[in-house]
Amino acid sequence: MSSNDIRDIDLLIEARWVVPVEPHGVVLDDHAVAIDKGEILAILPADEARQHYAPRERVSLSEHALIPGLVNSHTHNPMTLLRGLADDLPLMVWLQEHIWPAEGRVMGPDFIRDGVELAVAEMIRGGTTCANENYFFPDVIAATYRQMGFRAVIGLPVIDFPTPWAKTSDEYFQRAEEVHDSLRGEPLLTTAFAPHAPYTVSDENFERIRVLSEQLDIPVHLHTHETAQEVEEGKARDGVRPFERLQKLGLVNERLIAVHMTQLTDGEIAACAAAGVSVVHCPESNLKLASGFCPAEKLRTAGVNVCIGTDGCASNNDLDMFGEMRTAAMLAKAVAGDAAAFDAASALRAATLNGAKAIGLGEKIGSIEPGKRADLAAVRLDDLETQPLYHVASQLVYATGRHQVSDVWIDGKRKLADKTLIGIDVEAIRDKARGWREQIAAEDAPE
């Protein structure tokens, strides 16, 4: 573009700092991002941008950092309606005696829709623009994300027992393929197989997943090596650790999104790196359930793509990716015994570009680069809690709260403007959540 050319565009965002994530660790002072038809066209100094672009909308962020929208790489967002239902319990007691029975009583399309609506509102307000979803009724989940204009990977659940979604293995696979086919061409929605865990999915079903994952070219999103108990019971049942079982079944490859991974040998870490596995670190859920510590820095330095997820609100209890970044960075330092481990720039990358790569969207989102979609979040950094400011990336990870997110765009469309949600009825969502609380609390009450 010559100095005399002025291009009409949809949007120009001018920010005090632009943190593109790629190149790694870079912070650009007084830059602008030019956007048209949802695509990032250029990142350039703000004064140059004014000479080259005539935007239909100009947004000036004088005290803000503009970052890629955060990617929550592991969620169960309908479970937002179970937030705080059964706290301070170990994983299997929590799951088998409280969560599964509660789900059995309420799971259905209305519960799914209302939970996702609540989650989307919370995520947008916290700067998250994409979620890797893992729950039942993926058709309803997809419809809700579509209606709310939120980017998501829709998990296609497989588990070896009947649920309100499907009764048999054949039905799980039939319905998974139907949902996958229905979402072809959707601009904001893709799919992944979501087998629950090695202890709830048979070899036969894993083999079907492997074949279909290859044929459809979609990821496999799987809880595994979450606790020491899971690994020991897997060895007793199958004669090998769960990860080795997955290797023998052909599932340890570049499509595998392995969630939690708190129990790993050096050999398993090397195998993940060699195979191109992505690992989702869910530090706060793992801490709350006392599941163990993911060796995030060992994985990162071995070359594994490490990303960050919140898990569901029944075990976290929030969808706060800023809090998750901070916990991930600090926990990694303690586990590694190294204060330099999992530095701020690496934590931010894990919550953005690495997550996008894990879910197959690394060419589309996760960094602020020309040609990518405009999934962006603006974070106001002039609050007292983030003063004085010496290093932007460090401040974002170690001192910033999600309440400082001011503006959010998904695919170039503004979803949050000066902390106000756009096109979302907050009072209606709040009323629905309270209605579910009354119903679930009454049903959960002892007789």
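This is a predicted model: local features need pLDDT of at least 70, side-chain atom pairs count only at pLDDT 80 or more; totals for chains, interfaces and linings use all residues.
Residues are numbered from 1 along each chain as its sequence is written, and side-chain values use heavy atoms, with hydrogens and water left out.

**Overall build**

- Taken along the principal axes, the box filled by the C-alpha atoms is roughly 70 × 45 × 45 Å.
- The protein holds 16 helices and 16 strands, both being DSSP runs numbered from the N terminus (helices are H or I with at least four residues, strands are E with at least two).
- Buried residues account for 58% of the 447 residues, where buried means under 20% relative accessible area, exposed means over 50%, and partly exposed lies in between (1.4 Å probe, protein chains only).
- Of the contacts between residues at least 6 apart in sequence, 73% join residues at least 24 apart, a contact being heavy atoms within 4.5 Å.

**Helix H5 and its buried side**

- Helix H5, residues 169-182, has 14 residues and reaches 20 Å from its first C-alpha to its last, close to the 20 Å expected at 1.5 Å a residue; the expected span is 1.5 Å times one less than the number of residues.
- Its buried residues are Tyr172, Phe173, Ala176, Val179 and His180, and they lie on the same side of H5 because they cover an arc of only 130° around the axis, the arc being that of the directions from the helix axis to the C-beta atoms.
- An α-helix has 3.6 residues a turn, so residues three or four places apart point the same way.
- The partners against which the buried residues of H5 pack are helix H4 (138-148), strand S7 (151-158), strand S8 (189-195) and helix H6 (203-216).

- Helix H3, residues 109-125, has 17 residues and reaches 25 Å between its first and last C-alpha, close to the 24 Å expected at 1.5 Å a residue.
- H3 is mostly covered, with 13 of its 17 residues buried, and just after the helix Gly127 takes a positive phi of about 85°.
- Asp110 and Arg113 form a salt bridge with their closest N and O atoms 3.1 Å apart, a salt bridge being a side-chain nitrogen of Lys or Arg within 4 Å of a carboxyl oxygen of Asp or Glu.
- Both Asp110 and Arg113 lie in helix H3, three residues apart, about one turn of the helix; Asp110 counts as partly exposed at 43% relative accessibility, and Arg113 is also partly exposed, at 28%.
- Arg113 forms a further salt bridge with Asp114, with 3.2 Å between the closest N and O atoms, and Asp114 is buried at a relative accessible area of 8%.
- A network of salt bridges links Asp110, Arg113, Asp114, Glu117 and Lys432.

**A salt bridge between distant parts of the chain**

- The count of salt bridges comes to 38, and one of them joins the side chains of Glu268 and Arg241 at 2.7 Å, N to O.
- This pair links distant parts of the chain, 27 residues apart, with Glu268 in helix H9 (residues 266-275) and Arg241 in the loop between helix H7 (228-238) and helix H8 (242-248).
- Glu268 is buried, with a relative accessible area of 7%, whereas Arg241 is partly exposed, with a relative accessible area of 21%.

- Strand S14 (residues 405-410) is largely enclosed by the rest of the structure, because six of its six residues are buried.
- S14 pairs with strand S13 (residues 376-380) in the antiparallel sense over four bridges, and Leu376 stands opposite Trp409 in S14; two strands pair if DSSP finds at least two bridges between them.
- S14 also runs antiparallel to strand S15 (residues 413-417), joined by three bridges, and Ile410 has Lys413 in S15 as its bridge partner.
- The hairpin of S14 and S15 has two residues between the strands, and in this hairpin Asp411 takes a positive phi near 55°.

**Surroundings of Thr224**

- Thr224, in strand S9 (residues 220-224), is buried with a relative accessible area of 1%.
- Leaving aside residues up to four places away in sequence, Thr224 touches Pro198, Glu230, Pro242, Leu246, Ala258, Val259, His260 and Met261.
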